[in-house]
Amino acid sequence: MKKYDVIIIGSGPGGLSAAYGLAERKKVLVVEKDRFGGTCPNRGCDPKKLLYTPVNHHLLSQTFQGAGLKGTSQIDWPALMAFKKSYTDKIDYEMISALKTSGIDTIRGTAVFQDAEHIVVNGEKIAADNFIIAAGAKPAILDIPGKEYLTTSADFLELPTFPKRIGIIGSGFVGMELMNLASALATEVHVFQRNQQLLPQFPAAFSKKMATILAQRGVHFHWDTEVQAVEKKQTQTLVAVTQKGARIPLDMLVSSVGRPADLSQLNLQQTKVETKPEGIVVNEYLQTAEKNIYAIGDVVAKKEPKLTPVSHFEGDYVAQLLLGKTVPITYPAIPNIVYTTPQIAQTGISVKVASQQPDKYQVKELDVSGWYNYFIQHDTSANIIIITEKATGLLKGAAVLSFTAEALINLFTLFINQKLPAATLHQQIFLYPSQASDLPYLY
Ligand SMILES: Cc1cc2nc3c(=O)[nH]c(=O)nc-3n(C[C@H](O)[C@H](O)[C@H](O)COP(=O)(O)OP(=O)(O)OC[C@H]3O[C@@H](n4cnc5c(N)ncnc54)[C@H](O)[C@@H]3O)c2cc1C
């Protein structure tokens, strides 16, 4: 029987950062049941942003119509998809090659626990001193009649041609990003949301503004609406049936109602590892109830956002732990973005949390749409929220709604983590004109 120091289950950003962190000093095996690289480069962040980038340019160019640009661009979806595939198709092979070059063993197959020291993959029993479960999450499919006709974000990111009428159930960050793309590509976009709340973790004012912008672009929001069944009429047409009795014909209906941890095939009942609906239960060392089994990334039940850099950070942490580190995990401020047009992003303490503690935090909201750097972009909804700690004046959180929120939020994250006092900003020289040159005037 083969025996490893560490077996890592899942080759996403979490599993890979753990594997590379351990490779020099431990004998490591990575088991992957699907494509190496996991969700992010194959069916998540990377293909999504690859499609978003030109669609975003297209949408931005429309804001300059009659103000310097004439004639709208057109999106060539098949060409864009070919470009996307030129990146995604080689990920699996490149990831395996890179692991092998670093001396890390790989197996394609589903890891099934037999007990806390052994897994079975493709019928082979393999032993290890330690396991790292980095099995990620998978899209939830609504359990309704006709669920076999529902598709997921992964299907959306593979579409050879773009459907004319598309429906999206749910408006979390993945649903919002898909509807933003669809708003530029489909003739009809229907969004079914069971309440009135979009992106509950972001400032409500920003989510509302984004819904208004999408509605102006033709997205039809069905608020307080649940899709109760999906019917298939002719070969191509689906009908979404809502609890309100509406019947909406569509060419495609995406279930975007969350991403539960992918626990189904691990056979964890053969171990003492505890789970709850949000994922695997771990302590502050990312250790499960079995002391030789750790869990990282999207598969973990945690309050931190389930994002690539968080999985990466946790993989790196557990690798260091297995090499002798002894301190519990502490997270820096974590930035979070929704790639819509405009973008919504935030970092550090949320506006909601800060607003509940007015003695401790000052929350300053700035409509910057008229400021030079936003005015020149026709960024008419640009808004920045700054959260400072009253006792120290230090930046503790920020949220941005703008065409270029990603750049500013990364800077804010650095300021928060480095505990830079506002005065430091006045000692810098930033490019002018650029949005960074506004920083000394924000707080
Ligand atoms: C459409 C979409 C867009 C996204 N956009 C962003 C973004 O812009 N920014 C961002 O930070 N995050 C984004 N995310 C989230 C990001 O992709 C995940 O947070 C990240 O991939 C999680 O990494 P992970 O290593 O924890 O899990 P994953 O990347 O999900 O990897 C887990 C791997 O484990 C494998 N596996 C599971 N069970 C087993 C088993 N029993 N045996 C063997 N292998 C197994 C799976 O096949 C999978 O490959 C997006 C996600 C989606 C779906």
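Where does P433 lie? P433 is found in the segment after α13 (422-426), and the peptide bond that joins Y432 and P433 is cis, with omega at about -10°.

This is a predicted model, in which local features need pLDDT of at least 70 and side-chain atom pairs count only at pLDDT 80 or more, whereas totals for chains, interfaces and linings use all residues. Residues are numbered from 1 along each chain as its sequence is written, and side-chain values use heavy atoms, with hydrogens and water left out.

## Overall form

The secondary structure of the protein comes to 13 helices and 21 strands, where helices (H or I, at least four residues) and strands (E, at least two) are DSSP runs numbered from the N terminus. Along its principal axes, the C-alpha trace of the protein spans about 70 × 65 × 40 Å. The radius of gyration of the protein is 23 Å, which agrees with the value near 22 Å that a compact globule of 443 residues would have; this radius is taken over C-alpha atoms, and the globule rule is 2.2 Å times the number of residues to the power 0.38.

Of the 443 residues of the protein, 51% count as buried, a word that here means under 20% relative accessible area, while exposed means over 50% and partly exposed lies in between (1.4 Å probe, protein chains only). The accessible surface of the protein comes to about 20,300 Å², and 53% of this surface belongs to carbon and sulfur atoms; the areas come from the Shrake-Rupley method with a 1.4 Å probe, and for residues only the protein chains shown count as cover. Among contacts (heavy atoms within 4.5 Å) between residues at least 6 apart in sequence, 63% join residues at least 24 apart.

## The disulfide

A search of the whole structure finds one disulfide, the term being used for a pair of cysteine sulfur atoms within 2.5 Å. This disulfide joins C40 to C45, with an S to S distance of 2.3 Å. The torsion about the S-S bond of C40 and C45 is about -135°, so the disulfide is left-handed. C40 is buried, with a relative accessible area of 9%, whereas C45 counts as partly exposed at 29% relative accessibility.

## Backbone features in loops

Most residues other than glycine have a negative phi, and most peptide bonds are trans.

| Residue | Phi | Relative accessibility |
|---|---|---|
| L286 | about 60° | 3% (buried) |
| K419 | about 50° | 54% (exposed) |

L286 is found in the loop between β15 (279-280) and β16 (293-295), and K419 has its place in the loop between α12 (405-417) and α13.

A cis peptide bond also runs from T341 to P342, with omega near 5°. P342 is located in the loop between β17 (336-338) and β18 (343-348).

## A buried loop residue

T152 lies in the loop between β6 (124-133) and α6 (153-156), and T152 is buried, with a relative accessible area of 11%. Not counting residues up to four places away in sequence, T152 touches P139, I141, V254 and S255.
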